[in-house]
Amino acid sequence: MYKKISGLIPAIIQDYYSGLVLMLAYVNQESYNFMLKNGETCFWSRSRNELWHKGATSGDVQRIKHMSFDCDSDTLLIQVEQTGRGACHTGSYSCFGDEYGVFYAIERDYSVIENRSQNSKEGSYTNYLLEKGVDKICKKIGEEAAETIIAAKNANKEELTAEIADLAYHVLVLMHAQGLAPRDILMKITNRQ
């Protein structure tokens with residue numbers, strides 16, 4: 001999708017999988033051409049007055065999944081697969097802070113599970129499940145699924161919410177035990193649409 005860009009235009013960078021806005025940067029014709037050719041984000045640094053290939057020094061590159069212009073063709077939306085620590089130079093995943101939204105909560109919980117598997121904590125239920133293995137995790141998923149169904153049949157919204165949260169947690173533990181990440185599931189869902 002080649003377009004002629006006049007001067008600098010703002011670019012909104014968004015996580016392709018979660019929809020989280022990661023950052024705002026500026027694009028000119030040269031950086032836009034770089035992105036079309038290389039499939040990674042590249043911006044025009046107004047402070048350094050030069051091209052800025054995002055992640056070239058940090059390794060936290062942004063692989064472009066989709067780009068689109070707004071209705072006036074004066075703003076670019078770039079949906080990316082963010083790699084490494086994140087988009088912000090502060091080490092935060094987003095330049096807009098830690099208010100990540102619903103998909104971040106899933107990522108955060110999954111990170112806790114990953115951390116527990118690498119740094120066992122005494123009394124940790126997550127460690128207990130991981131040590132017992134897939135059979136125990138699957139048994140808990142079956143129990144939580146049954147409890148979710150019962151809560152739904154009882155039309156108890158508060159109970160249903162709690163049971164779905166428990167089910168989601170156990171599914172995240174299973175995903176980790178099987179080498180899957182939330183991003184893998186989001187990618188599969190996205191590809192089905």
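User: At what angle do helix α4 (residues 134–153) and helix α5 (residues 157–177) pack?

Analyst: Helices (H or I, at least four residues) and strands (E, at least two) are DSSP runs, numbered from the N terminus. Axes are lines fitted to C-alpha atoms, for helices over the stretch in contact, and angles run from 0 to 180 degrees between N-to-C directions. The axes of α4 and α5 lie 9 Å apart, and the packing angle is about 160°.

User: What pLDDT do local features need in this model?

Analyst: Residues are numbered from 1 along each chain as its sequence is written, and side-chain values use heavy atoms, with hydrogens and water left out. The model is predicted: totals for chains, interfaces and linings use all residues, side-chain atom pairs count only at pLDDT 80 or more, and local features need pLDDT of at least 70.

User: Which term describes the packing of α4 and α5, at an angle of about 160°?

Analyst: Angles under 35 degrees count as roughly parallel, over 145 as roughly antiparallel, 65 to 115 as roughly perpendicular and the rest as oblique. The angle between α4 and α5 is about 160°, which makes the pair roughly antiparallel.

User: Is the crossing of α4 and α5 left-handed or right-handed?

Analyst: A crossing is left-handed if the near helix is turned anticlockwise from the far one by less than a right angle, and right-handed if clockwise. The way α4 passes α5 is left-handed.

User: How many nonpolar residues has the contact of α4 with α5?

Analyst: Contact means heavy atoms within 4.5 Å. The residues that meet include Ile137 and Ile141 in α4, and Leu167 and His170 in α5. Ala, Val, Leu, Ile, Met, Phe, Trp, Tyr, Cys and Pro count as nonpolar, Asp, Glu, Lys and Arg as charged, and the others, Gly among them, as polar. By class, this contact of α4 with α5 has 6 charged and 2 polar residues, and its nonpolar residues number 14.

User: Are α3 (residues 125–132) and α4 oblique or perpendicular to each other?

Analyst: Among the residues that meet are Tyr128 in α3 and Ile137 in α4. The contact of α3 with α4 divides into 5 nonpolar, no polar and 3 charged residues. The axes of α3 and α4 are 5 Å apart, and the angle is about 120°. The two helices are therefore oblique.

User: Which residues does histidine 170 touch, and is it buried or exposed?

Analyst: Histidine 170 is found in helix α5. Leaving out residues up to four places away in sequence, histidine 170 touches Tyr125, Leu129, Ile137, Lys140, Ile141 and Glu144. Buried means under 20% relative accessible area, exposed over 50%, partly exposed in between (1.4 Å probe, protein chains only). Because its relative accessibility is 4%, histidine 170 counts as buried.

User: What distance separates the C-alpha atoms of leucine 172 and isoleucine 106?

Analyst: Leucine 172 also lies in α5, and at 7% relative accessibility leucine 172 counts as buried. Not counting residues up to four places away in sequence, leucine 172 touches Ile106, Asp109, Tyr110, Ile113 and Pro182. Along the chain, leucine 172 and isoleucine 106 are 66 residues apart; their C-alpha atoms are separated by 8.3 Å.

User: Which strands stand at the edges of the sheet?

Analyst: Two strands pair if DSSP finds at least two bridges between them. The open sheet of 4 strands has mixed pairing and the order β2-β1-β6-β5. Each edge strand has a single partner, so one side of it is left without a neighbour in the sheet; these strands are β2 (21–27) and β5 (62–69).

User: Which residue in the hairpin of β1 and β2 takes a positive phi?

Analyst: Proline 10 stands opposite tyrosine 26 in β2. The hairpin has 5 residues between its strands, and the residue with a positive phi, near 85°, is glycine 19.

User: What is the bridge partner of cysteine 42 in β4?

Analyst: Strands β3 and β4 (residues 50–53) pair in the antiparallel sense over 4 bridges. Their hairpin has 4 residues between the strands, and asparagine 49 in the turn has a positive phi of about 55°. From β3 (residues 42–45), Cys42 and Trp44 point one way and Phe43 and Ser45 the other way, and all are buried. The bridge partner of cysteine 42 is histidine 53.
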